[in-house]
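Try each task before reading its solution.

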Amino acid sequence: MKLTGVELRRISLPLVSPFRTSFGTETTRDALLVRVESTEAEGWGECVAMSGPLYSSEYVDGAIDVLRRFFVPALGAVERLSAIDVAPALAKFHGHRMAKAALETAVLDAELRAEGRPLARELGAVHDRVPCGVSVGIMNSIPELLDAVGGYLDEGYLRIKLKIQPGWDIDPVAAVHERFGDDILLQVDANTAYSVSDARHLARLDPFNLLLIEQPLDEEDILGHAELARSIKTPVCLDESITSARAAAAAITLGACSIINIKPGRVGGYLESVRIHDVCVAHGIPVWCGGMLETGLGRAANVALAALPGFTLPGDTSASSRYYQTDITTPFTLDNGHLPVPTTPGIGIDPLPDHLAAVTTSTEWLPLQVVGSD
Ligand code: NPQ
Ligand code: MG
């Protein structure tokens with residue numbers, strides 16, 4: 001197919017409650033949606049960058065700029081474009097994986113819609129529903145945390161992830177462990193808040209049989225994670241550090257992690273996500289699908305990925321209601337702790353026009369040259 005234009009649409013969705021992590025507190029999700037139009041079909045991709053460079057170096061205004069000035073013109077010049085051509089066409093541009101992922105996903109969605117093929121089957125999914133966990137933010141008090149965790153368990157979530165940081169780690173984990181026992185699947189995520197010199201402190205999490213500790217150290221500190229992994233019992237899982245299949249292979253080989261969280265935005269898209277999945281399966285490394293507070297568009301695609309056979313741990317693929325009162329799509333709802341894998345062509349879901357219009361803060365249309373066919 002040939003792209004005929006790309007729309008960059010900013011939306012602002014209020015969160016049901018503030019979400020606090022070691023890098024800050026978010027009260028609204030300011031996201032970027034990419035819609036491609038082609039000679040064959042339209043397609044959607046969600047850019048998971050935050051409005052500020054807090055989780056990673058990418059941020060929404062930067063993503064818009066690099067898409068407008070470099071990525072969209074580069075793809076616009078390709079006469080016969082398929083999703084597999086997107087990453088090679090953009091390879092000369094360094095970084096900006098979240099922006100690349102959004103554009104590749106939109107092209108993939110358009111291509112699959114045109115061919116009538118669902119994303120899950122394209123990626124190699126083997127399940128029709130996926131088990132779901134939930135990420136629980138840092139709270140003001142332990143009673144408040146216990147209430148929140150109890151509520152999520154009542155809703156059916158199959159795994160709890162507690163956000164931690166220095167000063168909010170051992171005590172909240174001990175309290176959740178004491179209240180809900182050893183039967184719940186419990187893990188923690190530090191979003192890079194510690195350093196290797198905290199190893200002895202983090203070893204105090206050992207008694208709680210956590211599934212894993214996610215990204216305790218700086219994203220570039222692979223050797224630090226390897227050292228930490230040798231000195232604590234809790235398995236180390238990497239998130240921010242894993243930016244590609246090559247990075248995954250290196251981290252595994254160096255002993256920096258025994259579990260990997262795959263987020264398609266962080267690694268440049270769903271096609272690279274499958275490669276990471278394959279590397280991990282070959283090494284016997286369990287994977288799970290992370291979350292970036294996606295709307296229904298990004299969530300649908302994540303659920304398709306999470307249905308691949310190597311995704312053996314519940315992901316952060318929570319119900320829409322975990323984050324949003326009103327989503328821009330038909331909401332994803334939990335059924336016995338699971339979300340259904342979409343079965344219709346492409347990502348398998350469409351924005352609801354009224355809902356989308358209500359949360360849109362700006363749109364920009366980037367027309368592409370269509371060469372005459374005579
Ligand atoms: C993580 N996600 O695994 C992240 C990080 C994160 C579900 O814990 C706005 C947009 C706020 C993206 C907060 C979960 C966010 C965000 C946290 C991503 O590390
Ligand atoms: Mg994380």
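Two strands pair if DSSP finds at least two bridges between them; strands (E, at least two residues) and helices (H or I, at least four) are DSSP runs numbered from the N terminus. This is a predicted model, where local features need pLDDT of at least 70, side-chain atom pairs count only at pLDDT 80 or more, and totals for chains, interfaces and linings use all residues. Residues are numbered from 1 along each chain as its sequence is written.

**Exercise 1.** Find the strands that pair with strand 7, and say in which sense they run.

*Solution.* Start at strand 7, residues 185-189: 4 of its 5 residues are buried (under 20% relative accessible area, 1.4 Å probe, protein chains only). Next, look to strand 6 (residues 159-163), which runs parallel to strand 7 and is joined to it by 5 bridges. Here Ile 160 stands opposite Leu 186. Then turn to strand 8 (residues 213-214), which also pairs with strand 7 in the parallel sense, over 2 bridges. Asp 189 has Glu 214 of strand 8 as its bridge partner.

**Exercise 2.** Describe how domain 1 and domain 2 meet.

*Solution.* First set the bounds: an automatic or database domain assignment gives domain 1 as 3-116 + 350-367 and domain 2 as 121-340. Now count contacts (heavy atoms within 4.5 Å): 32 residues of domain 1 touch 42 residues of domain 2. Finally, take the buried area, the accessible area (1.4 Å probe) that two parts lose on being put together, summed over both. The two domains bury about 3200 Å² between them, with 65% of it on carbon and sulfur atoms. In domain 1, Phe 19, Arg 20 and Tyr 55 lose the most area to domain 2, together 23% of what that side buries.

Key: Chains lettered and ligands numbered in written order. Heavy atoms only, no water. Buried < 20%, exposed > 50% of the residue type's maximum accessible area, 1.4 Å probe, protein only.
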